[in-house]
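This report describes selected features of the structure shown below. Please keep the sequence and the model in view while reading.

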Amino acid sequence: MSIAFEGHVQQIGERLIVRLPAEASGALPSRGQVAVEGELDDHPFATVLEPDGRKGHWIAIDPELRDALALRDGEPVVGALTPTKAWPEPALPEDLAAALDGAADLAETWASLTPMARWEWVRWVKATKNPETRARRVEVSLSKLRDGKRRPCCFDLSSCTDPEVSKSGKLIDLG
């Protein structure tokens, strides 16, 4: 099932995103994160769509995609998405990666998690602007993994938890 859409690149702070139109988001199998394979202006990519906290989704434009397509704020884009059960590996933030590297006893546990579960751990750690809270979440992640937990917690999976582009669980609306 391919979902075609047209959208515009939007800059929020230093980040570029593309909000999916309501019809495209409505065709997805979840209001939370959704793994997809797709094309944006004929450039293939695989990612996990993020929820916007308003029953919609958005695509994070990573530097590779931004550079490949020379994307800038306000530019129109045409895309197609296909939901997939094959989640790509998340990019680990430096603090979580260093903590896991220093916890040799958790290497097998971390490797045994599904990519979807690893995305949830990364998302939970990154879902705060407060450095002390974030450091504590890294510590708690290791503790929970040692206790056999496979997921970080039960936070609202349909909320936008990226503090660089969201406020109160919703993607920042620039108008």
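## The pairing of helix 5 and helix 6

In this predicted model, helix 5 and helix 6 pack at an angle of about 150 degrees, and their axes lie 8 Å apart. An angle over 145 degrees counts as roughly antiparallel, and the two helices are therefore roughly antiparallel to each other.

On the side of helix 5, the contact is made by Trp-121, Trp-124, Val-125 and Lys-126. These residues meet Arg-134, Arg-137, Val-138, Val-140, Ser-141, Lys-144 and Leu-145 in helix 6. Sorted by class, this contact has six nonpolar, one polar and four charged residues.

## The two faces of helix 3

Helix 3 covers residues 94–101, and Leu-96, Ala-97, Ala-99 and Leu-100 are buried there. Viewed down the helix axis, the buried residues fall within an arc of 165 degrees, so they line one face of helix 3. On the other side of this helix, Glu-94 and Asp-101 are exposed.

What do the buried residues of helix 3 pack against? Their partners are helix 4 (107–112), helix 5 (115–126) and helix 6 (131–146).

In soluble globular proteins, nonpolar side chains tend to be buried together. The largest nonpolar core in this model has 20 residues, and Leu-40 and Ile-59 have the most contacts inside it. At least two residues of this core come from each of the following elements: strand 1 (3–12), strand 2 (15–19), strand 3 (34–40), strand 4 (43–51), helix 2 (63–69) and strand 6 (76–83).

Leaving aside residues up to four places away in sequence, Ile-59 touches Phe-5, Leu-16, Ile-17, Val-18, Leu-20, Phe-45, Leu-49 and Leu-81. There is also a second, separate core of 16 residues, which includes Trp-110, Ala-117, Val-138 and Leu-145. Two residues named here, Val-138 and Leu-145, also belong to the contact of helix 6 with helix 5.

Most residues other than glycine have a negative phi. Asp-41 has a positive phi of about 50 degrees although it is not a glycine, and Asp-42 has a positive phi of about 65 degrees, although it is not a glycine either.

Asp-42, at 67% relative accessibility, counts as exposed.

How values were computed
Residues numbered from 1 in each chain as written. Predicted model: local features only at pLDDT ≥ 70, side-chain atom pairs only at ≥ 80, totals over all residues. Heavy atoms only, no water. Core = buried A, V, L, I, M, F, W, Y, C linked by side-chain atoms within 4.5 Å. Buried < 20%, exposed > 50% of the residue type's maximum accessible area, 1.4 Å probe, protein only. Helix = DSSP H or I, 4+ residues; strand = E, 2+ residues; numbered from the N terminus. Contact = heavy atoms within 4.5 Å. Arc of directions from axis to C-beta. Axes fitted to C-alpha atoms, helices over the stretch in contact; angles between N-to-C directions. Parallel < 35°, antiparallel > 145°, perpendicular 65-115°, else oblique. Nonpolar A, V, L, I, M, F, W, Y, C, P; charged D, E, K, R; others polar.
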